[in-house]
Amino acid sequence: MKMKTLGRTGIKVSELCLGSMTWGTQNTAEDGFEQIDRALDAGINFIDTAEMYPVNPVSAETVGRTERIIGLWNEDRNRRSDYILATKHSGEGMMHRREGAPISSDTIPEAIDDSLRRLQTDYIDLYQFHWPNRGSYMFRKNWTFDPSDQDRASTIQNMEDCLGALQREVDRGRIRAFGLSNESAWGTTQWLEAAARTGGPRVATVQNEYSLLCRLYDTDMAEMSMNEDVGLLAFSPLAAGLLTGKYQGGKVPKGSRMDINGDLGGRKTDRVFGAVDAYLDIAKRHGLDPVQMALAWCCTRPFMGSVIFGATTMDQLEVALGTVEVTLPDEVLAEIDTAHRAHPMPY
């Protein structure tokens with residue numbers, strides 16, 4: 001398993017990260033335990049979660065359940081020092097946490113208190129803001145994105161206040177590093193500049209959606225990453241399961257994400273299945289598993305920090321773990337580029 005360093009923190013993580021967002025809805029606590037055990041045995045040392053998980057669906061009854069499952073594992077296995085743990089503070093509008101309050105210097109200590117209690121640990125390695133208070137163009141909002149009502153001064157002031165609160169948490173030893181999620185190039189740069197002014201923790205990572213089908217990160221964000229040492233933590237690298245091929249031909253497997261969330265959060269479009277066919281064809285012609293090809297391709301990207309994948313079965317987990325044995329030849333990479341040009345932004 002290759003290892004990467006999170007930004008300038010010195011924290012080393014595996015190039016594959018175990019996602020957990022289905023633990024507590026689609027997966028039981030026992031499933032979560034089994035996945036963590038297997039992932040760590042395979043060389044993964046990085047687990048990502050969030051205070052609002054699980055999803056599919058997010059509900060008042062289930063928020064925090066995933067962190068509690070990880071906490072039970074921490075208590076039972078006593079292996080907290082064996083892995084890097086990342087979690088997230090929900091952004092403005094998440095009504096099941098703090099009545100939808102925006103992220104602020106007031107909410108940060110409380111949110112960390114709650115996560116630490118559920119996770120049954122005394123520190124979080126990477127603490128991330130799940131989405132910016134000002135909103136985000138992620139999750140298909142790029143098609144109608146309009147930042148014209150943003151208040152720059154209040155955004156910058158909030159960043160500086162939050163960094164002060166985060167630094168106090170670093171000083172207390174409760175968090176080690178700071179990351180963003182669903183952020184833009186402008187937003188990330190402002191966080192970096194605010195940290196330089198205030199002495200607060202420097203952004204180490206940005207967790208945004210990225211896959212063969214979703215490549216918004218390839219331009220401005222990629223340039224920011226390479227120049228500022230801020231790595232991408234890619235979520236949905238299999239495009240919510242589309243790139244496995246299991247939804248081709250109108251199939252909707254029982255219990256799958258499409259069975260629960262019919263349009264896959266806006267990813268199910270008229271053009272997406274043709275794009276998936278193009279990538280499945282490349283994998284087939286080169287004797288590659290499509291899941292491993294999709295994950296391995298993400299790992300080749302120069303700005304990649306770690307690729308976050310999730311599994312609802314142990315068979316799926318085993319396939320994903322096999323990615324570490326896959327090296328994509330130049331011919332495959334060239335064909336992927338051709339397919340991307342033919343099927344850009346399918347959702």
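Which element supplies the largest share of the lining of the second largest pocket? In this predicted model, where residues are numbered from 1 along each chain as its sequence is written, local features need pLDDT of at least 70, side-chain atom pairs count only at pLDDT 80 or more, and totals for chains, interfaces and linings use all residues. Side-chain values rest on heavy atoms, with hydrogens and water left out.

The largest share of that lining, 4 residues, comes from α4, and α4 (152-172) and β7 (175-181) each supply at least two residues. Helices (H or I, at least four residues) and strands (E, at least two) are DSSP runs, numbered from the N terminus. A pocket is an open set of points on a 1 Å grid over the protein atoms alone, where a 1.4 Å probe fits, with protein on both sides within 12 Å along at least five of seven lines, and its lining residues have an atom within 4 Å of a point. The second largest pocket holds about 250 Å³ of space, and among its 16 lining residues Pro132, Asn133, Arg134, Thr155 and Asn158 lie nearest its centre. By class, this lining has 8 nonpolar, 5 polar and 3 charged residues.

Thr66, Glu67, Ile69, Ile70, Gly71, Trp73 and Asn74 of α2 are buried, where buried means under 20% relative accessible area and exposed over 50%, with partly exposed in between (1.4 Å probe, protein chains only). These buried residues pack against α1 (29-41), β4 (46-48), β5 (84-89) and α3 (107-119), and α2 is followed by Asn78, whose phi is positive, near 55 degrees.

Two single residues illustrate the opposite ends of this scale. Gln207, in strand β8 (residues 203-209), is buried because its relative accessible area is 3%, and its contacts (heavy atoms within 4.5 Å) include Asp48, Lys88 and Ile308. Thr338, in helix α11 (residues 330-342), is exposed because its relative accessible area is 53%.

In the largest nonpolar core, which has 89 residues, Phe129, Leu213 and Leu242 touch the most other members, and helix α9 (residues 290-300) gives the most to this core, with 8 residues. A nonpolar core is a set of buried Ala, Val, Leu, Ile, Met, Phe, Trp, Tyr and Cys residues joined through side-chain atoms within 4.5 Å.

Technical notes: Points joined across faces, edges and corners; volume = space filled by probe spheres on them. Nonpolar A, V, L, I, M, F, W, Y, C, P; charged D, E, K, R; others polar. Lists of a residue's contacts leave out its neighbours within four places in sequence.
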